[in-house]
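This report describes selected features of one protein model. Please consult the sequence and the structure shown below while reading.

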Amino acid sequence: ALAEIKSLKTEFDRAFEDAIRTGELERVRTLRSDLESRLRELREGLISPVEKELDLKRQYESERRVLEGAGILEQLPSGEQGIRGIDGKAYPVPSYQEVRDLIREKRDILKKKAEQGFTKLLIVPFGMKLDDLIEKYKAVILKHYADMPDPQDPSKRIPDPRKTKLFAAKEKDTDPDEPLDLDTTAPVWVWDAYRGADESGKLVYDPKEFSQNHGGKTKAEILAAAPLGEARDKQGKSSPAWRILVIEADPNIPRSGQGKTVGGRARLEANKTPNEYLEAIGNGSAKLTTGNQYQGESGLTPEEWLMQAIATLEEKNQVIDDYQGKGSVAYNTGAYFP
């Protein structure tokens with residue numbers, strides 16, 4: 001098929017040269033259309049099974065829309081869209097080609113994880129300030145919420161059921177919408193210790209254990225791994241300022257005793273300690289043994305959790321980890337305060 005396309009390209013080049021002399025463009029247009037069609041067929045034929053399973057192109061475009069809609073992306077001096085890291089440097093958002101290359105590189109483990117329910121793509125602006133990402137989440141919540149015009153309710157907690165788009169997470173997509181109350185004066189509650197913790201280095205990421213021997217790194221140390229602070233290294237791979245994840249499609253953490261086994265993997269349930277979760281799944285590199293049902297998994301960082309929350313709200317109008325509803329409280333074991 002590639003040889004035929006090359007032959008068609010040679011024919012197109014000759015026709016293009018003729019058209020320059022004669023001004024007759026009809027054959028050039030026909031050959032160009034044929035060439036583009038054949039290239040498109042070839043590309044589609046090269047899609048790997050895991051790309052089809054993830055519906056990668058659609059999910060990538062959806063993630064881009066979420067990042068844009070939440071106001072996370074900005075215009076960079078290069079003309080590309082991206083973020084500013086805590087180091088002040090510009091990091092363009094990964095292209096579809098970069099995401100696809102990473103998915104293909106990890107296709108063996110991702111095929112197994114897809115069978116276990118990990119089919120949701122997540123593109124995370126890890127390098128930006130945590131405080132800024134929290135503010136973006138706050139803005140998204142307020143955008144989805146419509147309060148009742150009740151002067152007796154200064155906190156604006158009661159939703160207008162006809163207008164609000166802030167709903168509890170559903171057990172099934174066919175379940176009815178459940179509007180959530182909201183204190184608009186404090187739509188996101190944040191523990192004070194998180195304020196500026198990623199910039200100061202008080203928060204470390206990817207710990208191997210929760211102790212002074214945590215083995216994690218600060219965000220500044222992780223970003224420093226990118227050459228010259230650029231978005232891509234010389235091989236074209238995305239920098240650590242962006243993280244590409246595939247997470248469980250079901251956003252609800254099962255309550256204790258209610259987890260099901262999917263693809264030979266017992267879903268992690270609530271009511272265990274952070275140490276127990278870290279012991280079970282490690283940090284993405286630990287316990288990569290044959291037959292380990294949690295192979296290749298890691299706990300979420302606050303940035304990753306926030307992007308999951310933002311994406312679920314933007315795509316489904318639902319709030320994740322609502323312990324008063326279908327969800328449970330989440331421990332983000334991908335980060336640690338030593």
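## Strands β4 and β7

I123 has I244, in strand β7, as its bridge partner. Six bridges join β4 (residues 118-124) to β7, and the two strands run antiparallel. Strands pair if DSSP finds at least two bridges between them. Strand β7 spans residues 243-248 and is mostly covered, five of its six residues being buried (under 20% relative accessible area, with a 1.4 Å probe and protein chains only). Strands are DSSP runs of E with at least two residues, helices are runs of H or I with at least four, and both are numbered from the N terminus.

## Basis of the model

The model is predicted: local features need pLDDT of at least 70, side-chain atom pairs count only at pLDDT 80 or more, and totals for chains, interfaces and linings use all residues. Residues are numbered from 1 along each chain as its sequence is written, and side-chain values use heavy atoms, with hydrogens and water left out.

## Residue P302

P302 lies in helix α11, which covers residues 302-316. The residue P302 is buried, with a relative accessible area of 6%. Leaving aside neighbours within four places in sequence, P302 is in contact (heavy atoms within 4.5 Å) with L130, Y194, L203, Y205, N332 and A335. P302 and L133 are 169 residues apart in sequence, while their C-alpha atoms are 9.5 Å apart in space.

## Helices α4 and α11

In α4, residues S62, E63, V66, L67 and G69 meet M307, I310, A311, E314 and E315 of α11.

Technical notes:
Buried < 20%, exposed > 50% of the residue type's maximum accessible area, 1.4 Å probe, protein only.
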